[in-house]
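Visitor: I would like to learn how to read pockets and helix packing in a model. Where do we start?

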Amino acid sequence: MSRVAVVTGASRGAGKGIALALAETGATVYVTGRSKNEGDAPLPGTVFATAEEIDRRGGSGIPVVCDHSDDAQVAELFEQVRADEGRLDILVNNAYVVPDHLADAGPFWEKPLALQDQFDVGLRSSYVSSFHAAPLLIHGGGLVVNTSSFGGGCYMHGPAYGAVKAGIDKMSHDMAHDFRPHDVAVVSVWMGLLLTERTAASFRAHPDRYGAMASMAESPEFTGRVIAALADDPDRMSWTGQTVIGAEVGEAFGLTDADGSRPSSPRSALGEPIIWNEAVVE
């Protein structure tokens, strides 16, 4: 029986790469996003194109147009999964609003107030998806992965971005406590610099600024390989509640990137995840 996965925010970028990597394991992958047609967003990609590529990679792609700022649409997504499959094995919370001017230099009060949109589609949306997915996951052996970044531990793109990433990491730890009796693991994965459509465009537009960084970039599919390895691990529950560095998990499992390289961990430059206190106050 093939796994059933939901990957949110998968029209392009990290979500698309994760979905394609899961497809190569033969999974049925529901992919969500707002882009129905090319041109709906400044960058290329749609949920339908991702689903078609999933099929070509050996999986079964199910496109679902879903705005993760709309809780009713999210509820409908998981009702569709329930009606179609009756269960869910992997949930990847990756939907994220990337506001204009996110990476601009300068203090937060000189940037648009719209940077707070990350709290909605980024942090809150991951909670809402997990809420609706939980009844489908607790059949046993499930995995929830919340994609995060080193911005949860160092200054990166300002306080709104940092607060969202730190919130995702802590939320993962606390969700793990609730899911543990049901054999569902929850892991927050710090992804490295990803060679997405967005970063590739930035590299082309600003070669002097980003040229040296291009060689350090991971493919978006690498995180998907990490997630597949976590799901396959017989000792999967040993990872639950942790915030992990994707490159280090990849090294532990002997994984390579799409081009055969082995991404290196930026821990020495960007810091390490917080080790949470295991005290429990009900």
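Guide: With a definition. A pocket is an open set of grid points where a 1.4 Å probe fits, with protein on both sides within 12 Å along at least five of seven lines. Its volume is the space filled by probe spheres set on the points. Keep in mind that this model is predicted.

Visitor: What volume does the second largest pocket have?

Guide: About 490 Å³.

Visitor: How many residues line the second largest pocket, and which lie nearest its centre?

Guide: The lining has 27 residues. Nearest the centre are His173, Gly241, Gln242, Trp276 and Glu278.

Visitor: Which elements give two or more residues to that lining?

Guide: Helix α5 (159-179), strand β7 (243-245) and helix α9 (246-253). Of the elements, α5 gives the most, with 6 residues.

Visitor: What is the lining's make-up by class?

Guide: It has 12 nonpolar, 7 polar and 8 charged residues.

Visitor: Now the helices. How is a packed pair described?

Guide: By the angle between the two axes and the distance between them. Here, α1 (residues 13-23) packs with α2 (residues 47-56) at an angle of about 25 degrees, and their axes are 8 Å apart. Angles under 35 degrees count as roughly parallel, so α1 is roughly parallel to α2. Their crossing is right-handed.

Visitor: Which residues make the contact?

Guide: From α1, Lys16, Ala19, Leu20 and Ala23. From α2, Thr50, Glu53 and Ile54. By class, this contact has 4 nonpolar, 1 polar and 2 charged residues.

How values were computed: Residues numbered from 1 in each chain as written. Predicted model: local features only at pLDDT ≥ 70, side-chain atom pairs only at ≥ 80, totals over all residues. Heavy atoms only, no water. Axes fitted to C-alpha atoms, helices over the stretch in contact; angles between N-to-C directions. Helix = DSSP H or I, 4+ residues; strand = E, 2+ residues; numbered from the N terminus. Parallel < 35°, antiparallel > 145°, perpendicular 65-115°, else oblique. Left-handed = near helix turned anticlockwise from the far one by under 90°. Contact = heavy atoms within 4.5 Å. Nonpolar A, V, L, I, M, F, W, Y, C, P; charged D, E, K, R; others polar. 1 Å grid on protein atoms, 1.4 Å probe; cavity = no way out; pocket = protein on both sides within 12 Å on 5 of 7 lines; lining within 4 Å.
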